[in-house]
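Student: Could you take me closely through the place where the ligand sits, and explain the terms as you go?

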Amino acid sequence: MKIAVCPGSFDPVTYGHLDIIARSTDLFDRVYVAVLTNPSKQPLFTADERVDMLKRATAEFDTVHCETFSGLVIDYAKMRGAVAMVKGLRAVTDFEYELKMASMNHHLDKDIETVFMMTNNKYSFLSSSAVKEVASLGGDVSAWVPSFVAEALAGKYTMLAESGIDIG
Ligand code: ADP
């Protein structure tokens with residue numbers, strides 16, 4: 001059985017992520033979507049909220065499993081018996097960062113390959129942070145995220161505004 005992991009922040013999941021996950025299911029027998037819990041980053045959604053949204057968004061795929069992980073991605077991939085880590089590539093800036101990460105991960109474990117998929121043209125400028133920026137200002141994000149994610153974003157920003165927390 002060929003197993004892959006798709007690691008990321010998914011704060012929150014977008015159609016860009018879902019496109020990469022769906023294409024991964026065509027290549028691998030099982031795909032673990034792993035939500036990174038990075039203590040140095042301040043996410044909008046908790047890790048559990050992000051996993052719940054991913055589970056809902058990938059419900060149609062029997063071979064996709066969503067969960068959290070902390071620590072080194074390569075250790076997580078090994079623990080899951082993965083042969084590959086699948087990453088999406090958008091702009092040149094993604095390439096520089098991902099090249100560095102792939103080289104370091106290859107050094108740490110030569111048996112796990114990093115596989116890059118080119119972004120779908122429709123989503124080449126889509127990122128979770130851009131979606132959050134638009135949503136925080138009350139803009140329509142329905143072209144980029146499933147409707148329940150758009151609702152969760154609106155709910156989060158309303159709650160933050162009511163509690164007087166600076167969301168800028
Ligand atoms: P971001 O916060 O930048 O949206 P994540 O850390 O959640 O990214 O990304 C997880 C993975 O999904 C990464 O490999 C990233 O390159 C990929 N990805 C994110 N958005 C897109 C997109 N629009 N098209 C292709 N891949 C994407």
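**Around the ligand**

Tutor: An oxygen atom of the ligand lies 3.2 Å from a polar backbone atom of Ser9, which counts as a polar contact, that is, a pair of N or O atoms within 3.5 Å (within protein, one must be able to donate a hydrogen and the other to accept it, and residues adjacent in sequence count only if both atoms are side-chain atoms). This is a predicted model, in which local features need pLDDT of at least 70 and side-chain atom pairs count only at pLDDT 80 or more, while totals for chains, interfaces and linings use all residues. Residues are numbered from 1 along each chain as its sequence is written, and side-chain values use heavy atoms, with hydrogens and water left out.

A polar backbone atom of Gly88 is 2.6 Å from an oxygen atom of the ligand, and a polar backbone atom of Tyr123 is 2.8 Å from a nitrogen atom of the ligand. Of the ligand's own 540 Å² of accessible area, the protein covers 86% (areas come from the Shrake-Rupley method with a 1.4 Å probe).

Around the ligand there are 16 residues, of which Phe10, His17, Gly88, Thr119 and Tyr123 come nearest; a residue is near if one of its heavy atoms lies within 4 Å. With three residues, α1 gives the most to this shell, where helices are DSSP runs (H or I, at least four residues) numbered from the N terminus. Within helix α1, Arg23 and Asp19 are four residues apart, so about one helical turn separates them. Their side chains meet in a salt bridge at 2.8 Å, N to O, meaning a side-chain nitrogen of Lys or Arg within 4 Å of a carboxyl oxygen of Asp or Glu.

Methods. Helices (H or I, at least four residues) and strands (E, at least two) are DSSP runs, numbered from the N terminus.
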